[in-house]
Amino acid sequence: MKVMHVIRREYVENVRRKSFMISTLLVPLVMAAFFVLPVVFALFVPDRQYRVVVVDQVGGVGAEVAAALVDTLKSGETKYAVQSIEAPGERFDAEREARIAAVQDGEVDIVVAIPEAVLTDGKAEYVTREARNFNIFERFTDVVSDAVIARRLSAEGFDFARVQALTEPVDMEMSRVSATGEVEEKNFLAEYGLVFIFVMILYMATLSWGITISRSIVEEKGSRVIEVLLSSLTPRDLMMGKLVGVGLAGMTQLSIWALVGLAMSGYAATSAVAMLSSLEIPPAVFGYLMLYFLLGFLLYSALFMTVGAACSTEQDAQQFQGLITLPMIVPLMTLMLLIQNPASTFAVVLSMIPLFAPMMMLARIILLEPPMWQIVLSVALLLTAIYLSIVFAARVFRVGILIYGKRPNLRELIHWYKLAK
Amino acid sequence: MSQPAIEVRDVVKRYGEFVAVDHVSLAVPQGTIYGLLGPNGAGKSTTIRMLLRIMLPDEGTIRVLGNDVAAIDVDRIGYLPEERGLYKKMKVGDLLVFFAEIKGIARAEARRRAVAWLDRMGLLDRAAKPIEELSKGMQQKVQFIATLIHEPELLVLDEPFSGLDPVNANVLKDIILDFHRRGHTVVFSTHMMDQVEKLCEHICLIDKGRVVLSGTLAAVKKQYGHNGVSVRFNGDGAFLKSLPEVASFQDHGNELFLRLRDGADPARVLDAARGRVEILRFEVAEPSVHDIFIERVSEA
């Protein structure tokens, strides 16, 4: 079985390439960053005490702010050492400037200046050397707002705590019922993110491995290795060997990604961080990712091979490659629509059309559990399309592979197809 | 004589309207060195590709090593294409093992042979280097090894000497002769006539897709050489060309080859030349393959 040697060569040479190693490592790193960075940030946000001065022209507001800022550090110390200065009337400006100067000198970290007018125009000041810490800024915004609102309310005779309790917003919980009837809580935003990630991975993998195969044939034609090969192998051995060898290389890369993804998903599931635990991915999804990569790869690569066999130079091949890439873009463009209604007729039909099926069906599988018959039908249609495209590719391959020179047009491709009976 | 190694009968190959090979018939006897001659575009490469089943003939029959065209056993043939090519990124050793494997050699044996050949060619220290880091001359040697590593019974070489430096041309010539001594058959196409003269036992001249001339080198020369004179001289010898005995001539500058009319006596030419030019050498000669080639191709 000579085809085995072609498979082995294609596999080994592809897996050994530097770009293979780089992309195999890089994608999990990016995924890991997506999972891990939020946790890392949470852990490494500088945890220290802030020296705060509240300059209060209103009177009493500063004290309320100081009373509300009871946050503690991990060590148990208070996070904010608040000094509240009441500076009514004309003293306010001088006090404010002096304290801002202290921030500049590094004696104080944060100055909050609350002018009397805040009760009507709602404007106060927050001054710091490092303006980047939005969490702290938002904390102060909340605390100062509450104090000012409480003051306004009490001026009108309302009780702040009471008003707050009465205007508490409703907390809606989202969940969906799965086919088995169990109700699971889902972070929908995270789920959409997952769909995008999976579809993009599938898209990139199919595209890059398809182009790899097309390029390798153009290279063999360009370096004329092809003649030596064809004096030892049948075009069929060569073509099938490439398809399987490169496909296996792609599968290797994807399984590494899937394993890393599974590990991360397991980690996320046990994580205490709520945002992460919603990123748990059912293991079956990784299985479907591999399945649809394999099918999509075979379908598109047969077309990419046709291009490689038909063209003599990389530039010629690129134009045809663009043509093949077009149907891949359709799923990307309609993905938003599909996510909003993954069970619609539109979505079902798209996920059946072989050229779109891999990406569309995978997206639907992540979003909802489509009926098994739909999955089976999409796979069956894909297999049929793969068979037809390989038959077509094999014929063009046989004729095109030795023809050098000008780029053929579509009519010539069809002519070659007819020639190779 | 045993069955020919290659038998081509009435083969036609068309590319669209263009007839590349037009009813070609030839037979390559076992164990000979066979030269396929012809100008560029004569149909040599197309003929050779059909011998290797890379292309199929539109008409006619081809038998190679006893098999019909559909069943040609390519594992027993070594092929060096006109345009050389190797996988540039592959390591030399891996590449040779791969080329041996696709000719049906088991991996371990392929490795052993690759090492032996690289050693013989002085390239053993390059075995782990990618092809693209080798000089052009070294790449040519690797290509020779790739052609021979499966120990074929028949070598088919398409323009093997083109692009070779003198050292590698010699290496290749030795390979061909060594191969021939072991009783194997070599077919090569070329338009370098001196190689043909030195190496070939049989020749076949193809022009515009047709066989113009074929047979053993000796027979072909005899057919053409029955009345030739080669003169080397000092002085103005232009008059020699218009002697009544001369049918045609080839002017090589310092040397003149004259084809005489049937029945003409070479001694008359010598007499005419004596005294008018200083004769350095006078030889009743058979024409070179080069002369025959030029004559037949320009006639057609």
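Start by colouring chain A by domain: the assignment, which is automatic or from a database, gives domain 1 (2-33 + 187-419) and domain 2 (49-160). Their centres, taken over C-alpha atoms, are 58 Å apart.

A quick note before moving on: this is a predicted model, where local features need pLDDT of at least 70 and side-chain atom pairs count only at pLDDT 80 or more, while totals for chains, interfaces and linings use all residues. Residues are numbered from 1 along each chain as its sequence is written, chains are lettered from A in the order in which they are written, and side-chain values use heavy atoms, leaving out hydrogens and water.

Next, select A:Ser231. You'll find A:Ser231 in the loop between helix H9 (225-230) and helix H10 (235-270) of chain A; helices here are DSSP runs of H or I, at least four residues, numbered from the N terminus. Is A:Ser231 buried or exposed? At 1% relative accessibility A:Ser231 is buried, a word that means under 20% relative accessible area (1.4 Å probe, protein chains only).

Now show what touches A:Ser231. Beyond neighbours within four places in sequence, its contacts (heavy atoms within 4.5 Å) are B:Leu52, B:Ile54, B:Val74, B:Tyr79 and B:Lys103.

Zoom out to the whole interface: 26 residues of chain B are in contact with 21 residues of chain A. Pick out B:Ile54 again, with B:Tyr87 and B:Ile102: these three supply 26% of the area that chain B buries against chain A, counted as accessible area (1.4 Å probe) lost on being put together.

Last stop: A:Glu227 and B:Arg49, whose side chains meet in a salt bridge at 2.4 Å, N to O. The rule, a side-chain nitrogen of Lys or Arg within 4 Å of a carboxyl oxygen of Asp or Glu, finds 4 salt bridges across this interface.

Technical notes: Helix = DSSP H or I, 4+ residues; strand = E, 2+ residues; numbered from the N terminus. Buried < 20%, exposed > 50% of the residue type's maximum accessible area, 1.4 Å probe, protein only. Buried area = accessible area lost by both parts, 1.4 Å probe.
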